[in-house]
Amino acid sequence: MSAVLALVEQESGEPEETSLESLTLARDVADAADAALEAVVFGDEGAAVAEDVGAYGVEVVHHVTHDRLDGYAPEACGDAVAQLASAGTTEAVLAPGSDRGQETMAHAGASLDLPVAANCTDVDVGDEYEVERQRWGGSLVEHARLAAETTLVTVAEHEMRMEPAAEPTDPGVEGFTPNLDDDQFRVTVDRVEPSDTEGVPLGEARVVVAGGRGVGNAEDFDQLEELADLLGGTVGASRAAVNEGWRPHDDQVGLTGAKISPDLYVACGISGAVQHMIGCKGADNILAINTDPDAAIIQQGEYAVIADLHEVVPALSEAIRDAE
């Protein structure tokens, strides 16, 4: 029986949210292709994801191990995926459209001499696969046909809902040791520097309160910090605010910053340029606070307050404190 492989990224044995999103699409592909859904995972604690991915219908977890794969090595990881795909009858390989997912799949495609369709939002199975994918940071949607012995796809982040399978499985874990040489370890992650950011990381926050040029200065971000703290969230910023030096780049939301998917995104003094909306369009709800009723973000948001953020944000904070 053929298989659809899904690359699952994990941290301390917990699968990343974007991996569960791509796993949802991978299950649809496996069902349409009448193939088994199988997961591929790296890392010492990779086998611990079995129960979580079993909730999504995975039948087998391939735990990739190697005495030199204790950290991230993009070429080695890509070739390991390619070797695993070549070891059986593999219909397709899907990976999250994260930085590492994209890089790993690019190397896998090079090893297999096959094309990779990046940032897909839909996949139709057939003699030739038809894919819908984002281009130019999501400002353009492309429909394309993909003809390949094995279809290689990355899934656009925060575009798919995480949907567990109707019938969960109890997947077995199989070890896989790829044949790798020194050339495939020319680039490796040697160490990871801890972030100076305190509180909830931007990518994990369920509430993000972000400010743009309309905030006015670095000191007035204190108002946003207070509101974010009361809501149990964190602070983000537009590129304009980062360019002004008011916030560090780690706080930037947008095409060249973080792509987030909070429950609530409070945009304060942000115009809503396409590049910014690419970063926050995964939010379930957007509340825009802006003095300009014609600002693009007003049209994008579920809720809007047409007023001065310097009046609205303190009032919101006071109302929340009074309600506690």
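In helix 3, Pro74, Glu75, Cys77, Gly78, Asp79, Val81, Ala82, Ala85 and Ser86 meet Glu103, Thr104, His107, Ala108, Ser111 and Leu112 of helix 4, where contact means heavy atoms within 4.5 Å. By class, the residues of this contact divide into seven nonpolar, five polar and three charged (Ala, Val, Leu, Ile, Met, Phe, Trp, Tyr, Cys and Pro count as nonpolar, Asp, Glu, Lys and Arg as charged, and the others, Gly among them, as polar). The model is predicted, with local features needing pLDDT of at least 70 and side-chain atom pairs counting only at pLDDT 80 or more, while totals for chains, interfaces and linings use all residues. Residues are numbered from 1 along each chain as its sequence is written, and side-chain values use heavy atoms, leaving out hydrogens and water.

Helices (H or I, at least four residues) and strands (E, at least two) are DSSP runs numbered from the N terminus. The axes of helix 3 (residues 74-86) and helix 4 (residues 99-112) come within 7 Å and cross at roughly 55°; axes are lines fitted to C-alpha atoms, for helices over the stretch in contact, and angles run from 0 to 180 degrees between N-to-C directions. Helix 3 and helix 4 are therefore oblique to each other (angles under 35 degrees count as roughly parallel, over 145 as roughly antiparallel, 65 to 115 as roughly perpendicular and the rest as oblique).

Turning to the sheet, five strands form an open arrangement in the order 13-12-14-15-16, with parallel pairing; two strands pair if DSSP finds at least two bridges between them. Strand 13 (234-237) and strand 16 (303-306) stand at the edges with a single partner strand each, so one side of each lacks a neighbour in the sheet. From one strand to the next, the twist averages 20°. Strand 14 (residues 264-268) and strand 15 (residues 285-290) run parallel and are joined by five bridges, and Tyr265 stands opposite Ile286 in strand 15.

Two helices pack on this sheet. Helix 5 (residues 221-230) touches strand 12 (207-211), strand 13 and strand 14, and its direction makes about 140° with that of strand 13. Helix 9 (residues 309-323) touches strand 14, strand 15 and strand 16, its direction making about 130° with that of strand 15. Helix 5 and helix 9 also pack together at an angle of about 30°, their axes 9 Å apart, which makes helix 5 roughly parallel to helix 9. Among the residues in their contact are Leu224 and Leu227 of helix 5 and Val313 and Ile320 of helix 9. The contact has eight nonpolar, three polar and two charged residues.
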